[in-house]
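Here are some friendly notes to read alongside the model. Please keep the 3D view open and find each residue as you go.

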Amino acid sequence: MAISIAIASGKGGTGKTTIAANLAVALAKFRKDVIVLDADIAMANLELVLGVEGKGKTLNDVLAGRASIEEAIYEGPAGVKVVPAGISLDAFRKARPEKLEEVLRKLHEMAEIIIIDCPAGIGKEALTAISAAEHLILVVNPEISSISDALKVIAIARKLDTNVLGAIINRTMKEDSELSSKAIATILEVPVLGVVPEDPNVRKCAACNIIYKSDSIKDRVR
């Protein structure tokens with residue numbers, strides 16, 4: 001059985017997908033058998049980050065009963081296995097989110113570690129993904145709104161018996177207005193697992209990717 005880790009955040013824009021992708025690739029480089037799954041079926045972006053966009057079958061097709069989970073697994077950087085959610089609105093409309101837990105159970109037999117890129121917040125899809133995972137890592141920014149929303153995710157995770165491993169503080173800029181790591185750990189009552197500085201190259205890379213592939217992306221969204 002695989003170890004499953006949900007990567008979650010209370011609000012959007014924290015850099016959760018980038019953290020999930022990089023963690024999965026890093027573990028694969030350590031020769032771990034890793035599957036990273038985009039559980040954000042409404043606002044999927046993982047496939048763009050990992051360069052596996054435009055695939056024939058996606059998680060949304062699996063949730064719609066139009067494909068098996070085996071058909072929706074693709075090889076990404078460093079050999080990590082990627083399950084993209086797909087960006088097609090048509091596929092999203094036909095997907096049945098309640099089948100996500102069943103899909104995750106099947107994936108447990110296919111890898112050592114499963115990284116789940118959860119939707120932000122505490123909506124139905126996010127709760128399904130969090131409840132299906134053994135562990136959870138929060139991605140927060142060093143600002144009060146992000147920390148406040150993260151508290152709600154922690155409370156929900158504990159009610160769902162998902163073990164909260166800790167928080168990653170992402171996109172820090174070392175400004176005086178930012179909350180310190182110590183303050184964040186105190187407020188959230190979970191350990192800080194790491195601190196990642198803001199890197200403008202991440203935004204530049206994403207922008208170049210979108211511009212270069214904009215026409216094909218627009219075609220697939222429809």
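The points below go through a strand, some salt bridges and a surface patch.

1. Please keep in mind that this is a predicted model.

2. Start with strand 2, residues 34-38. Five of its five residues are buried, so this strand is largely enclosed by the rest of the structure. Look at the side chains too: Val-34, Val-36 and Asp-38 point one way, while Ile-35 and Leu-37 point the other way.

3. Which strands pair with strand 2? One is strand 5 (residues 113-117), joined in the parallel sense over five bridges; here Asp-38 stands opposite Asp-117. Another is strand 4 (residues 81-83), also parallel, over three bridges, where Lys-81 is the bridge partner of Ile-35.

4. The whole structure holds eight salt bridges. Among them is the contact between the side chains of Glu-143 and Lys-11, at 3.6 Å from N to O. Glu-143 sits in the loop between strand 6 and helix 7, and Lys-11 in the loop between strand 1 and helix 1, so the pair ties together parts that are 132 residues apart in sequence.

5. Another salt bridge joins Glu-198 and Arg-171, at 2.9 Å. Glu-198 is in the loop between strand 8 and helix 9 and Arg-171 is in strand 7, so this pair links parts 27 residues apart in sequence. Glu-198 is partly exposed at 25% relative accessibility, and Arg-171 is partly exposed at 29%.

6. Finally, turn to the surface. Ile-144, Leu-151 and Ile-187 form a nonpolar patch there, with about 260 Å² of accessible area together. Ile-144 belongs to helix 7 and counts as exposed, at 58% relative accessibility.

Methods: Residues are numbered from 1 along each chain as its sequence is written. This is a predicted model: local features need pLDDT of at least 70, side-chain atom pairs count only at pLDDT 80 or more; totals for chains, interfaces and linings use all residues. Side-chain values use heavy atoms; hydrogens and water are left out. Patches are made of residues with over 30% relative accessible area and no salt bridge: like charges are joined within 9 Å, nonpolar side chains (Val, Leu, Ile, Met, Phe, Trp, Tyr) within 5 Å. Accessible areas come from the Shrake-Rupley method with a 1.4 Å probe; for residues, only the protein chains shown count as cover. A salt bridge is a side-chain nitrogen of Lys or Arg within 4 Å of a carboxyl oxygen of Asp or Glu. Helices (H or I, at least four residues) and strands (E, at least two) are DSSP runs, numbered from the N terminus. Buried means under 20% relative accessible area, exposed over 50%, partly exposed in between (1.4 Å probe, protein chains only). Two strands pair if DSSP finds at least two bridges between them.
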